[in-house]
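Thank you for making time this morning; I would like to talk through some helix packing, so please keep the structure open while I speak.

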Amino acid sequence: MSDGIWSLDWYPLFHVDSYGYRPGRSAIDAVRTARQRCWRHDWVLDLDIKAFFDTIPHDLLLKAVRAHTDCRWVLLYVERWLMAPVQREDGCIEPREAGTPQGSVVSPILANLFLHYAFDLWMTRTHPAVPFERYADDVICHCRTQSAAEALRAALVERFATCGLALHPQKTKIVYCADTNRSERYPTVQFDFLGYSFRPRFTAWPNGTYGVSFLPAASPGALKAMRREVRQWGLQNRTDTALEDLARRINPYVRGWINYYSHFYKSALYDSLRRIDFHLRKWARRKFKRFKQKPKGAREWLARIIRTKPGLFAHWPLLHAQWPDTGSRVS
């Protein structure tokens, strides 16, 4: 056995539908694959492993590590990482009897290795016809029928119990992938995966017609977090800062949001990003005396800046250029 457990040569051992913490794979790849499979399968089993990182059994995890290395130094350090006690804010020291240390650079790969055996290979053996996407402990399974999804959930409850894990009974759910071609009505037609909400959405079809597709877009939770971050910047209070400097400060954050959440149905971002312009208009009214009693003047001033410097703020090209939406149902 190789003792290079942390080398890149180890990553190809993982399942093709394991996307987390692997070179050349990303969360967006997982979302894209899930989108395509939701069009082909009527049902989704959305898994939520209860307190996953805190409950991984050390004995089973070390057994998985030993399957890939017999280097005693690797095994020794992994065991020490796992067993290291936790110091609480009040100074109290608590022993660690299960789970991986939060914030440790080794935790993601150890957790990935554990689920490789506990879930990925088990699915390959017992449910080879059920495709899935897994990013760390975020897992989506695609089923043809509701009864198949219910049977899979029951089987996974038993499987995870043997591995020292448990499915969250409320957060684990069976979802119907409703769209124009699926007219049946079911109570649950939405799930969240990696910051995206999948649900029926009205969209343009490739043939020029319109209909309902089961599509991902930035989740309400993600959009709420964006708006909260924008408020915390307090742009309207930075009247001692030039507009160009404000752009340099916030553009890395805004560009990150756009780069991640604009891959699918990017129009879901528009309202949250417009909040930035709202705060910029308030900034202008406080900075320039001529706008204090003329809100319309601040709006017109900002519109002129957008026309003359359309790339100054990272969100302006997205909001003010007439680009086609990427939410349409194409593979």
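This is a predicted model: local features need pLDDT of at least 70, side-chain atom pairs count only at pLDDT 80 or more; totals for chains, interfaces and linings use all residues.

The axes of helix α3 (residues 58-66) and α5 come within 9 Å of each other and cross at roughly 90°, where axes are lines fitted to C-alpha atoms over the stretch in contact and angles run from 0 to 180 degrees between N-to-C directions. That angle makes α3 roughly perpendicular to α5, a word used for 65 to 115 degrees, with angles under 35 called roughly parallel, over 145 roughly antiparallel and the rest oblique. Contact, meaning heavy atoms within 4.5 Å, is made by Leu60, Leu61, Ala64 and Val65 of α3 and by Leu110, Leu113, Phe114 and Tyr117 of α5. By class, these residues are 8 nonpolar, no polar and no charged, with Ala, Val, Leu, Ile, Met, Phe, Trp, Tyr, Cys and Pro counted as nonpolar, Asp, Glu, Lys and Arg as charged, and the others, Gly among them, as polar.

Residues are numbered from 1 along each chain as its sequence is written, and side-chain values use heavy atoms, with hydrogens and water left out.

Turning to the other pair, the axes of α5 (residues 107-126) and α6 (residues 146-162) come within 11 Å and cross at roughly 140°, which makes α5 oblique to α6. Among the residues that form this contact are Trp122 and Arg125 of α5, together with Leu156 and Arg159 of α6. The classes in the contact of α5 with α6 are 10 nonpolar, no polar and 2 charged residues.

Definitions and conventions
Helices (H or I, at least four residues) and strands (E, at least two) are DSSP runs, numbered from the N terminus.
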